[in-house]
Amino acid sequence: MEARTSCPGPHPPGPLTPGGGRHPGAGAPRPGPYTRHELRFFLREGEPSAYLGEIPRPHALRLAPEALREERLAPFSPYEATFLSIRRDGVAPFTLRREGGTGGTPGPWRIEGEFPVREADETAVRDFLAALAGLAVGEVVSDARAVRRTGLGRPAATIRIERGALPAREILVGEADAERCFARLSGEDEGIALATDPALAALARRGYLDLRAKEILDLAWDGGTAISLTRGGREDSYEKISRPDETRRWILRGDAEQTHRPAALALERALASLQAAS
């Protein structure tokens, strides 16, 4: 019994034997100049016969290994992130950690370290992670001399994203200009450099003032206990006291009659709502 198959290109196909091989003189299948598919023989390890199969994207067989990597610089979802660290040469690391939420809802981001405000701007952190996750690789540099000029031998910054039980992503940031920024994921081949959007260099310079909550003062509505207001050399001091009926009121400090001062309550609320414009 014989079976025949068609093969693109100017060379006519030869007959196939039941074992998958061609009769002598038939020649190997060769694609025509305009085909997007190729027919190739495949041999599975441990089996005696070869198989003829169609490859829809034959160019992938001829690509260098570095060209087969993910198109994004650091593949991850912003919603997976639980920890963010930005380290720059000569600057103390800036880190944020997402606290555990309830009911499957992620908790808020908090700034770690000795900073006046520990709450992070949720929108700013989300935009930062989205911009980082969306960076694409525009070019893969593999020439040894060119790689040495990318600055990745001593990175200007390192951005680390942790994702709970998932593998962390650590981006090494090298030299940048108006058109591109060189980078590489930690653990990747040190003989290559990846060119991506120059926006990465700006992301690597983000810090406390960029990602902290926009509230000027970290106050709850009744979080203050004393306010001092100085105007034209005159100082007015208010304090919040607790009354026997468990209510609290603002009074002028030292007021024996403990007269309620609504102006101090309005001032407290105004201070709590102050936000930085930039």
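1. Let's start with the strands. Strand β3 (residues 83-88) runs antiparallel to strand β4 (residues 91-98), and five bridges join them; two strands count as paired if DSSP finds at least two bridges between them. Across this pairing, Ile-86 faces Phe-94 in β4. The hairpin of β3 and β4 has two residues between the strands, and Gly-90 has a positive phi near 80° there.

2. A word on what you are looking at: this is a predicted model, in which local features need pLDDT of at least 70 and side-chain atom pairs count only at pLDDT 80 or more, while totals for chains, interfaces and linings use all residues. Residues are numbered from 1 along each chain as its sequence is written, and side-chain values use heavy atoms, with hydrogens and water left out.

3. β4 also pairs with strand β5 (residues 109-111), again in the antiparallel sense, over three bridges. Here Leu-96 stands opposite Ile-111 in β5. Strands (E, at least two residues) and helices (H or I, at least four) are DSSP runs, numbered from the N terminus.

4. The structure holds two aromatic pairs, a pair being rings of Phe, Tyr or Trp (its six-membered ring) with centres within 6.5 Å; planes under 30 degrees apart are stacked, over 60 edge-to-face and the rest tilted. Phe-94 and Phe-115 are edge-to-face because their planes lie at 85°, with ring centres 5.9 Å apart. Phe-94 is in strand β4 and Phe-115 in the loop between β5 and α1, 21 residues apart.

5. Phe-115 also pairs with Tyr-208, this time stacked, at 4.6 Å centre to centre and 15° between the planes. Tyr-208 belongs to helix α4 (residues 208-211), 93 residues from Phe-115. Together, Phe-94, Phe-115 and Tyr-208 make one aromatic cluster.

6. Buried means under 20%, exposed over 50% and partly exposed in between (1.4 Å probe, protein chains only).

7. Asp-121 sits in the loop between β5 and α1 (122-133) and is buried, with a relative accessible area of 15%. Asp-121 caps the N-terminal end of α1, with a side-chain oxygen 3.1 Å from the backbone nitrogen of Thr-123. Its contacts (heavy atoms within 4.5 Å) include Leu-211 and Arg-212.

8. Finally, α1 itself: the buried residues Ala-124, Val-125, Phe-128, Leu-129, Leu-132 and Ala-133 lie on the same side of α1, because they cover an arc of only 165° around the axis. That arc is taken from the directions from the helix axis to the C-beta atoms.

Methods. Polar contact = N/O pair within 3.5 Å; in protein donor to acceptor, adjacent residues only side chain to side chain. Lists of a residue's contacts leave out its neighbours within four places in sequence.
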